[in-house]
Amino acid sequence: MAGLEETIGFTEKLTGSKKREGKDIYPHEDIYALIEKIKEGDREAFMTITSLYQKRVFLLAYSFFHNREDAMDIVQETFLRLYQKINMFKRGESFKNWLLQISKNLCIDYYRKNYGKSRELKSETPVDELNLSGQEGQNPEVSSDLRTIFSAGIKKLAEKQRMIFVMKHYNQLKYKEIAEVLGISLGTVKSLHYKAVQNLRGLITPYMGGQL
Amino acid sequence: MTECKKIQRDLVAFLYGELQEDEKELFKAHLDQCPHCRGELEEFKKITQAADVFKEDIDDAMASVDWEALPSKVSENILRKDARSRQESWLGKVSGFLFPPRLRPVYAGLLIGAVLGAVVTLMVFRTPQPGEINGREYFASQDFLENVELEMARRDTLDYLERSQYLLLDFVQSPSERSVDFWQSEYAAEQARDLLAKKKYINPQLDKFQLAKAKAICDQIEFLFFELTQVSVHLSVEEVNKLQRMIEDRQILLKINLLKKELERHNEM
């Protein structure tokens with residue numbers, strides 16, 4: 001059962017030690033106080049909130065687009081919306097989830113507007129021609145090809161599956177938080193996450209050969 | 001196999017630590033006795049491991065952003081955009097009030113009409129009208145102007161000759177008993193006065209253009225009219241008849257006709 005133990009260790013790694021922006025570490029009362037100040041037009045308070053949450057928003061957008069400029073646009077737009085809609089935020093809600101909800105909506109709108117129906121990654125090399133026969137780490141080109149393959153695979157996922165995978169894997173949000181951000185049930189999140197990984201497996205495995 | 005299906009749905013949740021404790025125990029118990037599900041777990045694990053290929057990219061992207069400066073930049077952009085959107089919303093409200101959507105076709109029609117009207121007006125005022133030629137914008141050569149003046153002189157002379165001819169004809173053809181009173185009649189007196197005035201007007205033109213023949217006949221006519229209007233009161237019937245005969249003898253009417261034809265020929269040329 002060494003394999004299972006190893007898997008459990010890997011699970012802990014996925015969920016715990018490598019957590020980037022996990023819990024909402026800032027006391028709610030402090031956040032609410034800042035929000036009240038923003039409502040009164042306090043620029044410093046707005047900048048404080050921005051500095052607290054900017055990385056989280058960037059991480060979500062970057063994981064979704066795999067493009068720095070797109071992610072920066074989303075960060076700007078998210079905080080603009082935050083400023084415009086701050087009066088709609090209700091005390092008692094999770095500010096982080098509310099903000100990520102804005103960011104998620106912007107990501108989806110931006111993606112539909114700028115990338116349209118084309119879900120294929122704009123890669124110079126066709127996916128079929130990529131070399132993945134070697135071992136990862138031994139050859140930088142292989143690693144780059146794996147990145148391309150995986151990027152193409154993620155972009156082929158349905159919007160919601162993709163968003164859930166990104167939120168879970170890169171933003172390391174809990175299912176509960178994802179459910180809140182996306183406005184769906186916990187069971188649906190779990191089911192869509194499973195489908196996302198299963199679809200990725202179907203999309204990626206044919207190109208991976210013996211690499212994994 | 002049904003249990004495997006159910007368990008497999010929890011595979012991803014298990015990998016990401018999202019199973020409850022009791023679910024986790026059941027899951028582990030199943031894996032202990034199911035090599036197929038263990039194999040599936042390994043496959044899923046590989047996929048999630050492959051996803052880590054981006055973590056390096058994410059770290060690089062995160063490191064490339066100046067996080068300290070970003071809040072200030074975002075805040076400035078937002079204040080600028082917000083000011084612009086407020087202005088746009090204010091303008092939007094005003095334009096919405098002034099130009100409600102249902103009236104927009106009407107406004108569009110009025111605007112098109114106004115533009116067309118302005119264009120037509122501009123074209124009309126820009127087109128030079130007869131008699132509105134500005135001296136600075138009009139050019140004519142000296143020859144052309146002289147020709148025009150000569151033509152005018154000819155026409156005036158023709159007019160003078162024609163009217164004189166009719167008046168003399170009336171006088172010559174009037175019965176001898178009435179011929180004395182002819183020049184005292186209001187019509188003849190007025191005509192004669194007009195013709196005398198006209199002669200004074202055409203004199204300089206006749207001199208200028210050297211219409212000597214015409215001038216000679218016109219002088220004779222002038223003299224005749226002068227005499228007839230001034231002297232006829234004191235003349236007897238015989239003397240007036242003598243004058244009538246003199247006009248016929250001298251063929252003044254014929255000369256007038258010939259001169260007219262000559263002038264008309266020049267006109268046609």
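**Helix packing and the A–B contact in a predicted model**

Buried residues account for 37% of the 212 residues in chain A. The model is predicted.

Student: How many helices and how many strands are there in chain A?

Tutor: From the N terminus on, the elements of chain A run α-α-α-α-α-α-α-α-α. The count for chain A is therefore zero strands and, as runs of at least four residues, nine helices.

Student: Among contacts in chain A between residues at least 6 apart in sequence, what percentage joins residues at least 24 apart?

Tutor: The contacts considered are those in chain A whose residues lie at least 6 apart in sequence. Of these, the share that joins residues at least 24 apart is 64%.

Student: Which helix gives the most to the side of chain A that touches chain B?

Tutor: In the contact between the chains, 42 residues of chain A meet 40 residues of chain B. Helices H1 (2-17), H3 (43-65), H4 (68-85), H6 (140-155), H7 (159-169) and H9 (186-208) of chain A each supply at least two residues of the side that touches chain B. With eleven residues, the helix that gives the most is H3(A).

Student: By class, how many residues of the side of chain A that touches chain B are nonpolar, polar and charged?

Tutor: This side of chain A belongs to a contact with 40 residues of chain B. By class, it has 21 nonpolar, 13 polar and eight charged residues.

Student: Why is H3(A) described as oblique to H4(A), rather than roughly antiparallel?

Tutor: H3(A) and H4(A) pack with their axes 8 Å apart, at an angle of about 140°. Roughly antiparallel applies to angles over 145 degrees. The angle between H3(A) and H4(A) therefore makes their arrangement oblique.

Student: How do the residues of the contact of H3(A) with H4(A) divide by class?

Tutor: On the H3(A) side, the residues include A:Phe46, A:Val57, A:Phe58 and A:Phe65. H4(A) contributes, among them, A:Arg68, A:Asp70, A:Ile74 and A:Phe79. The residues of this contact divide into two charged, three polar and eleven nonpolar.

Student: What is the handedness of the crossing in which H3(A) passes H5(A)?

Tutor: H3(A) packs with helix H5 (residues 95-115) of chain A at an angle of about 35°, their axes being 10 Å apart. The contact is made by residues including A:Tyr53, A:Leu60 and A:Phe64 of H3(A), and A:Leu99, A:Leu100 and A:Cys107 of H5(A). The residues of this contact comprise eight nonpolar, one polar and two charged. The crossing of H3(A) with H5(A) is right-handed.

Methods: Residues numbered from 1 in each chain as written. Chains lettered and ligands numbered in written order. Predicted model: local features only at pLDDT ≥ 70, side-chain atom pairs only at ≥ 80, totals over all residues. Contact = placed C-beta atoms within 7 Å. Nonpolar A, V, L, I, M, F, W, Y, C, P; charged D, E, K, R; others polar. Axes fitted to C-alpha atoms, helices over the stretch in contact; angles between N-to-C directions. Parallel < 35°, antiparallel > 145°, perpendicular 65-115°, else oblique. Buried ≥ 20, exposed ≤ 12 C-beta atoms within 10 Å, placed from the backbone. Left-handed = near helix turned anticlockwise from the far one by under 90°.
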